[in-house]
Amino acid sequence: MTARNPAESDNGPFFVGYINRLPAGLAWFLAAVAAVLVGGMAGAALAIGSTINDPGDGRFEFGLGRQEVTGVLETSPYPVMRIPANADNPEPRAILLAGQGKRGVLPQAEPHSGEVVTLGGVLLKRGTIDMIQVSRQIVPLADAESPDPALLEYTPAPPEPLGRWRLTGEICDGKCNQGAMRPGRGLSHKACANLCLIGGVPAVFVAEGGIDGEDFFLLADADGNAPPDLIYDYVALDVTLEGEVERRDDLLIFKADFSTIRAN
């Protein structure tokens, strides 16, 4: 008499826990289910990943070493260095400033507002905005042993008004968005961005459709000062704002009327 497999019955194969093998029919079924689950999870991961914002090419330019720049220091709406044209840069530049970690540099910069100063740090670059993470003391050029008279007399060009615009985009902190974090945008970054902004890091507006091909703006209120605290509720959201835009050298500043802000 032939011994009967305990995992077989008149109704077909079934699983028995104390037997160390599956009936052939169930083994094939389990393999097919596992393949479907693995493939489905991989497809879901790809689909979710495709919705994440592109971190872009923003980064610390460590390869350039520490940069030292000299120019006029402005502090409204945030500390900005206005640098004259030179052999390396045929046009004047405006460079945002940030401190170490989640801090701005307004306390150090404010005593020297409007002065020609020298400072140094690591460059961050993304889009049309440059930023220096300041790691050296801000030194008035007048205190140097032999200051360049031409630099001492440098006066930046006045702001160029570009008219009133309605822009749609995202409010970000300028440091993480420049490449200190990747990605430095989106809801996953909201808490980090707000901590940076509370610490004095410049706020920027990344527009979906920019002006003359430029979609990165330093953000200010309608009077040209730092934005009000209400922006914390709108950081990392898709928002629409109206306001005046002006150009300082190669930097665009969006002087927004925050009474018009709305989340889309």
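My entries on this predicted model follow.

**Entry 1: the whole chain**

I began with the overall layout. I found 5 helices and 12 strands in the chain. Next I looked up burial: of the 264 residues, 41% are buried. I then turned to contacts between residues at least 6 apart in sequence. Of these, 69% join residues at least 24 apart. Last came the surface. The chain exposes about 14200 Å², and carbon and sulfur atoms supply 57% of that area.

**Entry 2: the nonpolar cores**

Which residues have the most contacts inside the largest nonpolar core? I noted Leu-96, Ile-171, Phe-205, Phe-217, Leu-219, Leu-251 and Phe-254, in a core of 37 residues. Several elements give two or more residues to this core, among them strand 4 (93-98), strand 8 (160-173) and helix 5 (190-198). Strand 12 gives the most, with 7 residues.

Another core lies apart from the largest one. This other core has 14 residues, including Val-69, Val-105, Leu-119 and Val-134.

**Entry 3: the cysteines**

I searched for disulfides and counted 0. The cut-off for a disulfide is 2.5 Å. For Cys-196, the nearest cysteine sulfur is that of Cys-176. I checked burial for both. Cys-176 is buried, at 4% relative accessibility. Cys-196 is also buried, with a relative accessible area of 2%.

**Entry 4: a nonpolar patch outside**

I then went to the surface. Phe-29, Val-33 and Leu-37 form a nonpolar patch there. Together they have about 300 Å² of accessible area. Val-33 is part of helix 1 (residues 24-50). With 34% relative accessibility, Val-33 counts as partly exposed.

**Entry 5: the loop between strands 10 and 11**

Strand 10 covers 214-221 and strand 11 covers 239-248, and Leu-237 sits in the loop between them. Is Leu-237 buried or partly exposed? I read a relative accessible area of 27%, so Leu-237 is partly exposed. Leaving aside neighbours within four places in sequence, Leu-237 is in contact with Gly-169, Glu-170, Ile-171, Leu-187 and Ala-263. I also looked up Leu-237 and Cys-172. They are 65 residues apart in sequence, yet 9.3 Å apart in space, C-alpha to C-alpha.

Ala-236 is in this loop too. Its phi is positive, about 75°, although Ala-236 is not a glycine. Ala-236 counts as buried, at 10% relative accessibility.

I wrote a reminder first: most residues other than glycine have a negative phi, and most peptide bonds are trans.

Asp-249 has a positive phi, near 55°. I located Asp-249 in the loop between strand 11 and strand 12. At 17% relative accessibility, Asp-249 counts as buried.

Where is the cis peptide bond that involves Pro-77? It runs from Ser-76 to Pro-77, with omega near 5°. Pro-77 itself is in the loop between strand 2 (67-74) and strand 3 (80-83).

Conventions. Residues numbered from 1 in each chain as written. Predicted model: local features only at pLDDT ≥ 70, side-chain atom pairs only at ≥ 80, totals over all residues. Heavy atoms only, no water. Helix = DSSP H or I, 4+ residues; strand = E, 2+ residues; numbered from the N terminus. Buried < 20%, exposed > 50% of the residue type's maximum accessible area, 1.4 Å probe, protein only. Contact = heavy atoms within 4.5 Å. Areas by Shrake-Rupley, 256 points an atom, 1.4 Å probe, with all protein chains shown as cover. Patch = residues over 30% accessible without salt bridge, like charges linked within 9 Å, V, L, I, M, F, W, Y side chains within 5 Å. Salt bridge = Lys/Arg side-chain N within 4 Å of Asp/Glu carboxyl O. Core = buried A, V, L, I, M, F, W, Y, C linked by side-chain atoms within 4.5 Å.
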